[in-house]
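Student: I would like to go through this structure with you. Where shall we begin?
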Amino acid sequence: MTTPTKYFHDRSVLLLLAVNSILVITGILLVLFQLDSSKGNTYYIQFRGVSSSGEFKTGNAYDMSSFVLFFLISFAVSLLISTRIYHQRRNLALSALAMTGILALFAIVVSGSLLGQR
(Lines give C-alpha, C1' and ligand atoms only; values in the text may rest on other atoms or scores of the structure.)
Protein backbone atom coordinates (compact mmCIF):
# COMPACT_ATOMS: atom_id res chain seq x y z
CA MET A 1 0.00 0.00 0.00
CA THR A 2 1.50 3.30 -1.05
CA THR A 3 1.27 6.50 0.92
CA PRO A 4 -1.24 8.91 -0.62
CA THR A 5 0.38 12.07 -1.88
CA LYS A 6 -2.33 14.17 -0.29
CA TYR A 7 -1.16 13.02 3.15
CA PHE A 8 2.12 14.92 3.01
CA HIS A 9 0.46 17.95 1.39
CA ASP A 10 -2.05 18.40 4.22
CA ARG A 11 -0.99 21.28 6.46
CA SER A 12 -2.60 19.84 9.57
CA VAL A 13 -0.76 16.57 9.13
CA LEU A 14 2.52 18.37 8.58
CA LEU A 15 1.98 20.51 11.68
CA LEU A 16 1.21 17.49 13.84
CA LEU A 17 4.15 15.56 12.42
CA ALA A 18 6.46 18.50 13.15
CA VAL A 19 5.17 18.88 16.70
CA ASN A 20 5.45 15.14 17.33
CA SER A 21 8.96 15.07 15.90
CA ILE A 22 10.03 17.93 18.14
CA LEU A 23 8.50 16.26 21.20
CA VAL A 24 10.09 12.90 20.42
CA ILE A 25 13.54 14.40 19.83
CA THR A 26 13.23 16.51 22.97
CA GLY A 27 12.17 13.50 25.03
CA ILE A 28 15.01 11.36 23.71
CA LEU A 29 17.59 14.05 24.38
CA LEU A 30 16.26 14.75 27.88
CA VAL A 31 16.48 11.08 28.80
CA LEU A 32 19.93 10.57 27.31
CA PHE A 33 21.41 13.72 28.84
CA GLN A 34 20.15 12.84 32.31
CA LEU A 35 21.73 9.40 32.32
CA ASP A 36 24.84 9.91 34.45
CA SER A 37 27.08 7.13 35.69
CA SER A 38 28.99 9.35 38.12
CA LYS A 39 26.09 9.21 40.60
CA GLY A 40 25.90 5.42 40.45
CA ASN A 41 24.32 2.95 38.11
CA THR A 42 20.96 2.62 39.83
CA TYR A 43 17.89 4.43 38.55
CA TYR A 44 14.30 4.48 39.64
CA ILE A 45 12.40 2.88 36.77
CA GLN A 46 8.95 2.34 38.31
CA PHE A 47 6.79 3.88 40.98
CA ARG A 48 4.29 1.64 42.72
CA GLY A 49 2.23 3.73 45.08
CA VAL A 50 -0.08 0.90 46.12
CA SER A 51 2.42 -1.41 47.78
CA SER A 52 3.34 -0.77 51.39
CA SER A 53 7.06 -1.46 51.08
CA GLY A 54 9.45 -0.47 48.34
CA GLU A 55 7.38 1.96 46.32
CA PHE A 56 10.24 2.65 43.89
CA LYS A 57 11.61 -0.17 41.75
CA THR A 58 15.21 0.25 40.67
CA GLY A 59 17.05 -0.70 37.52
CA ASN A 60 20.11 0.16 35.50
CA ALA A 61 20.70 2.68 32.72
CA TYR A 62 19.63 0.16 30.07
CA ASP A 63 16.18 -0.08 31.70
CA MET A 64 15.90 3.69 31.82
CA SER A 65 16.93 4.05 28.20
CA SER A 66 13.87 2.02 27.22
CA PHE A 67 12.06 5.37 27.27
CA VAL A 68 14.00 6.21 24.10
CA LEU A 69 12.68 3.07 22.47
CA PHE A 70 9.17 3.93 23.63
CA PHE A 71 9.38 7.39 22.04
CA LEU A 72 10.54 5.97 18.72
CA ILE A 73 8.04 3.10 18.59
CA SER A 74 5.06 5.26 19.53
CA PHE A 75 5.96 7.81 16.86
CA ALA A 76 6.46 5.14 14.19
CA VAL A 77 3.22 3.33 15.01
CA SER A 78 1.19 6.53 14.96
CA LEU A 79 2.72 7.51 11.62
CA LEU A 80 1.92 4.08 10.20
CA ILE A 81 -1.65 4.12 11.46
CA SER A 82 -2.34 7.66 10.31
CA THR A 83 -0.96 7.08 6.80
CA ARG A 84 -3.02 3.94 6.35
CA ILE A 85 -6.28 5.44 7.53
CA TYR A 86 -5.90 8.95 6.05
CA HIS A 87 -7.57 8.24 2.73
CA GLN A 88 -10.66 6.83 4.48
CA ARG A 89 -10.94 9.03 7.54
CA ARG A 90 -8.88 12.19 7.75
CA ASN A 91 -10.15 13.21 11.19
CA LEU A 92 -9.22 9.86 12.69
CA ALA A 93 -5.72 10.11 11.25
CA LEU A 94 -5.33 13.59 12.72
CA SER A 95 -6.62 12.34 16.07
CA ALA A 96 -4.03 9.55 16.11
CA LEU A 97 -1.28 12.06 15.48
CA ALA A 98 -2.61 14.42 18.15
CA MET A 99 -2.80 11.65 20.72
CA THR A 100 0.80 10.77 19.99
CA GLY A 101 1.79 14.29 20.95
CA ILE A 102 -0.08 13.98 24.23
CA LEU A 103 1.52 10.58 24.84
CA ALA A 104 4.97 12.04 24.20
CA LEU A 105 4.28 14.85 26.68
CA PHE A 106 3.23 12.35 29.34
CA ALA A 107 6.33 10.24 28.68
CA ILE A 108 8.56 13.32 29.02
CA VAL A 109 6.97 14.18 32.36
CA VAL A 110 7.22 10.62 33.69
CA SER A 111 10.81 10.09 32.59
CA GLY A 112 11.81 13.48 33.98
CA SER A 113 10.13 12.69 37.26
CA LEU A 114 11.81 9.30 37.58
CA LEU A 115 15.21 10.68 36.67
CA GLY A 116 14.71 13.66 38.98
CA GLN A 117 14.23 11.38 42.00
CA ARG A 118 17.76 10.18 41.64
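Tutor: Let us begin with Phe71, which is buried at a relative accessible area of 1%; buried means under 20%, exposed over 50% and partly exposed in between, with a 1.4 Å probe and protein chains only. This is a predicted model, in which local features need pLDDT of at least 70, side-chain atom pairs count only at pLDDT 80 or more, and totals for chains, interfaces and linings use all residues. Residues are numbered from 1 along each chain as its sequence is written, and side-chain values use heavy atoms, with hydrogens and water left out.

Student: And Phe70, what does it count as?
Tutor: Phe70 counts as partly exposed, because its relative accessibility is 37%.

Student: How many aromatic pairs are there?
Tutor: There are three aromatic pairs; rings of Phe, Tyr and Trp (its six-membered ring) pair if their centres lie within 6.5 Å, and planes under 30 degrees apart count as stacked, over 60 as edge-to-face and the rest as tilted. Tyr7 and Tyr86 are edge-to-face because their planes stand at 80°, with the ring centres 5.3 Å apart. Phe70 and Phe71 form a tilted pair, 6.4 Å centre to centre with 55° between the planes.

Student: Are Tyr7 and Tyr86 buried or exposed?
Tutor: Both Tyr7 and Tyr86 are buried. Together with Phe8, they form one aromatic cluster.

Student: Changing topic, what share of the protein chain is buried?
Tutor: Buried residues make up 29% of its 118 residues.
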